Amino acid sequence: MTDDGGDPAGGPDLDPDPGPSEGDPLRRLADALRSLIDLTVAAVLEEDEIEWAADAVEAVVARLERNAGPGKRVRPQPDISRPPQEFFPNSPVMGIINPIAPPVRLSVVDGVDGGYREIRAEANFGYPYEGPPTCVHGGVIAEVFDEVLGAANMVAGNPAMTGTLTVRYRKPTPLRTDLRIEARCLGRDGRKIRTWAAMYHEDLMTAEAEGIFIEVGPERFVAIAEGNVDSADPVMLEAMRAEAARPGAASDVPGWPTPPGTYPT
């Protein structure tokens, strides 16, 4: 494996499964809110239309708040036997049910010469993600890299948390344009895992990133979550505790790690 931005890895794409079908009410709500956000940011609207929309949205929020149950909806744990699009359904980058996610669409391809499986992704950023005029905000590009690098580690059997992320912005990345992303795990040294990704507009690399990720054991991850008790999901916390107590546990997510270079089907 190299990090020189060369030819993509071979192998057929595995079509990403977006999770809930288009008719699923939660996905419909997320899609509608995504469109509403775009209109709020960029649409040319008369003031009376904006006022009507504000009244309508406030009424919807009030109704949902009245009818919402206690606590937080259970957040599913990542499952690397599923397509990568489903790793983090609530993610602000790739979450199909998160209305602030574009979302970035992920799939898996075979690695070069039998190496680690890799991530391929597609994205098209609308006006809510604008930085310089007509260009994607650099901070958005950085968070996308953080996500796809993490996913690349997962499919390589090396799940970990970000230690450092270095982004090089080579060209302005255009808004409202189809983009592609490549991400691959390059290898590991003890608990340190090195990963690379690049973003392309057609064949032009607009940005690339290198990350150093740190493997975090289950007991340490439970301690982190317990320290954030005010925002912790009790169901997930219990699952994490059970995994930490499992004989032979080596990661913070049940079923991990898989042997390097493998990806469950």
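Modeller: Gladly, and a word on the ground rules comes before anything else. This is a predicted model, where local features need pLDDT of at least 70, side-chain atom pairs count only at pLDDT 80 or more, and totals for chains, interfaces and linings use all residues. Residues are numbered from 1 along each chain as its sequence is written, and side-chain values use heavy atoms, with hydrogens and water left out.

Biologist: Over how many bridges do β5 and β6 pair?

Modeller: Strands here are DSSP runs of E with at least two residues, helices are runs of H or I with at least four residues, and both are numbered from the N terminus. Two strands pair if DSSP finds at least two bridges between them. β5 and β6 pair in the antiparallel sense, and the number of bridges is 10.

Biologist: Which residue in β6 is the bridge partner of H201?

Modeller: β5 and β6 form a hairpin with 2 residues between them. In that turn, E202 has a positive phi of about 55°. The β6 partner of H201 is L204.

Biologist: Why is strand β1 largely enclosed by the rest of the structure?

Modeller: β1 is joined to strand β2 (residues 118–123) by 5 bridges, in an antiparallel arrangement. One of the pairs puts V108 with I119 in β2. Strand β1 (residues 105–109) is largely enclosed because, of its 5 residues, the number buried is 4.

Biologist: Which residues have a backbone nitrogen close to a polar atom of the side chain of S91?

Modeller: S91 lies in the loop between α2 and β1, and is buried, with a relative accessible area of 6%. Leaving aside neighbours within four places in sequence, S91 is in contact with N98, A101 and E147. A polar atom of its side chain lies 2.9 Å from the backbone nitrogen of V93, and one lies 3.1 Å from the backbone nitrogen of M94.

Biologist: Which element gives the most residues to the nonpolar patch on the surface?

Modeller: The patch is formed by L26, L29, L33, L36, V57 and V61, with about 400 Å² of accessible area together. The elements giving two or more residues are α1 (25–42) and α2 (47–67). V61, found in helix α2, counts as partly exposed at 40% relative accessibility. With 4 residues, the element that gives the most is α1.

Biologist: How many helices and strands does the protein have?

Modeller: From the N terminus on, the elements run α-α-β-β-α-β-β-β-β-α-α. The secondary structure comes to 5 helices and 6 strands.

Note on methods:
Buried < 20%, exposed > 50% of the residue type's maximum accessible area, 1.4 Å probe, protein only. Patch = residues over 30% accessible without salt bridge, like charges linked within 9 Å, V, L, I, M, F, W, Y side chains within 5 Å. Areas by Shrake-Rupley, 256 points an atom, 1.4 Å probe, with all protein chains shown as cover. Salt bridge = Lys/Arg side-chain N within 4 Å of Asp/Glu carboxyl O. Polar contact = N/O pair within 3.5 Å; in protein donor to acceptor, adjacent residues only side chain to side chain. Contact = heavy atoms within 4.5 Å.
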